[in-house]
Amino acid sequence: RRLLAASGALAALSLAGCGFRLRGPQKLDFATLHIGVSELSEFGAELRRMVATSGTTTVVSDPAQADARLSILANERGREILSLTGAGRVREYQISQRLRFQLVDRAGAVLIPPTTLTAQREYTFDDSQVLGKEQEEALLYRDMQSDLLQQLMRRLAAARRPA
């Protein structure tokens, strides 16, 4: 028992000593942020939640009161056929989502120039399971949107105001 307890303690100490820690909310360098996308959209609501969980930044509705303004220049989805069966039916699709944004400060200085983030997923398609495949596609789009929002938050956390 003592050997087991000692090895557990040694493992805990080695993890603590290496600097390991879970990734938490990203702290942003500005106190207030205006987000140029509707708060009623799924994308806008999730983005506002992520900014609110940063703990350092408040989302404001008036751009004049914000330390920084996030503009969503494009948020587009696409779907392409990847392969066909011998009978000419679709076998695989590739879906994609493209997010283009920029961040400017109160004075109009560009903190993050127009930047494009993309995500892609592939899935097989079966004519006999159309409803299930539509649900799978919707789930993949939600997953891509979440992935893009996390990338966006990391970019916002890395942005620094000029001194």
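This is a predicted model: local features need pLDDT of at least 70, side-chain atom pairs count only at pLDDT 80 or more; totals for chains, interfaces and linings use all residues.

Modeller: Four of the five residues of S1 are buried, so the strand is largely enclosed by the rest of the structure. S1 covers residues 32-36. On one side, S1 pairs with S2 in the parallel sense, over two bridges. Threonine 32 has threonine 58 of S2 opposite it. S1 is also joined to S3, again in parallel, by four bridges. Here glycine 36 has serine 71 in S3 as its bridge partner.

S3 (68-84) continues the sheet to S4 (90-105). These two strands are antiparallel and pair over 15 bridges. One of the paired positions is asparagine 75, whose bridge partner in S4 is leucine 99. S3 and S4 form a hairpin with five residues between them, and in the turn glycine 88 has a positive phi of about 90°.

Taken as a whole, the sheet is open, with five strands in the order S2-S1-S3-S4-S5 and mixed pairing. S2 (58-59) and S5 are the edge strands; each has a single partner strand, so one side of each is left without a neighbour in the sheet.

Two helices lie across the strands. H2 lies across S1, S2, S3 and S4, and runs at about 170° to S1. The buried residues of H2 are Phe43, Gly44, Glu46, Leu47, Arg48 and Val51. Those buried residues pack against S1, S2, S3 and S4, and also against H3. H3, in turn, lies across S3, S4 and S5, at about 155° to S5.

Glutamine 145 lies in H3. With 4% relative accessibility, glutamine 145 counts as buried. Setting aside neighbours within four places in sequence, glutamine 145 is in contact with Glu42, Phe43, Glu46, Arg77 and Gln97. Of these, Phe43 and Glu46 are among the buried residues of H2. Glutamine 151 is also in H3. With neighbours within four places in sequence again left out, the contacts of glutamine 151 are Leu117 and Thr118. Glutamine 151 and leucine 117 are 34 residues apart in sequence, with their C-alpha atoms 7.8 Å apart in space.

In soluble globular proteins, nonpolar side chains tend to be buried together. The largest nonpolar core here has 32 residues, and those with the most contacts inside it are Leu33, Leu47, Leu70, Leu103, Leu152 and Leu156. The elements giving two or more residues to this core are strands S1, S3, S4 and S5 and helices H2 and H3. H3 gives the most, with nine residues. Apart from neighbours within four places in sequence, leucine 103 is in contact with Phe30, Leu33, Ala68, Arg69, Leu70, Ala109, Val110, Leu111, Ile112, Leu156 and Ala159. Leu33, Leu70 and Leu156 in that list are also among the residues with the most contacts inside the core.

That leaves the aromatic residues. A pair of aromatic rings is described by the distance of the centres and the angle of the planes. A search of the whole structure finds two aromatic pairs. Tyrosine 93 and phenylalanine 125 form an edge-to-face pair, 5.5 Å from centre to centre and with 80° between the planes. The pair links distant parts of the chain, 32 residues apart: tyrosine 93 is in strand S4 and phenylalanine 125 is in the loop between S5 and H3. Both tyrosine 93 and phenylalanine 125 are buried. Together with Tyr123, Tyr93 and Phe125 form one aromatic cluster. Tyrosine 93 has a charged neighbour as well: the charged end of arginine 79 sits over the ring of tyrosine 93, 4.3 Å from its centre.

How values were computed:
Residues are numbered from 1 along each chain as its sequence is written. Side-chain values use heavy atoms; hydrogens and water are left out. A nonpolar core is a set of buried Ala, Val, Leu, Ile, Met, Phe, Trp, Tyr and Cys residues joined through side-chain atoms within 4.5 Å. Buried means under 20% relative accessible area, exposed over 50%, partly exposed in between (1.4 Å probe, protein chains only). Contact means heavy atoms within 4.5 Å. Two strands pair if DSSP finds at least two bridges between them. Rings of Phe, Tyr and Trp (its six-membered ring) pair if their centres lie within 6.5 Å; planes under 30 degrees apart count as stacked, over 60 as edge-to-face and the rest as tilted. A charge sits over a ring if NZ of Lys or CZ of Arg is within 6 Å of the ring centre and within 35 degrees of the ring normal. Axes are lines fitted to C-alpha atoms, for helices over the stretch in contact, and angles run from 0 to 180 degrees between N-to-C directions.
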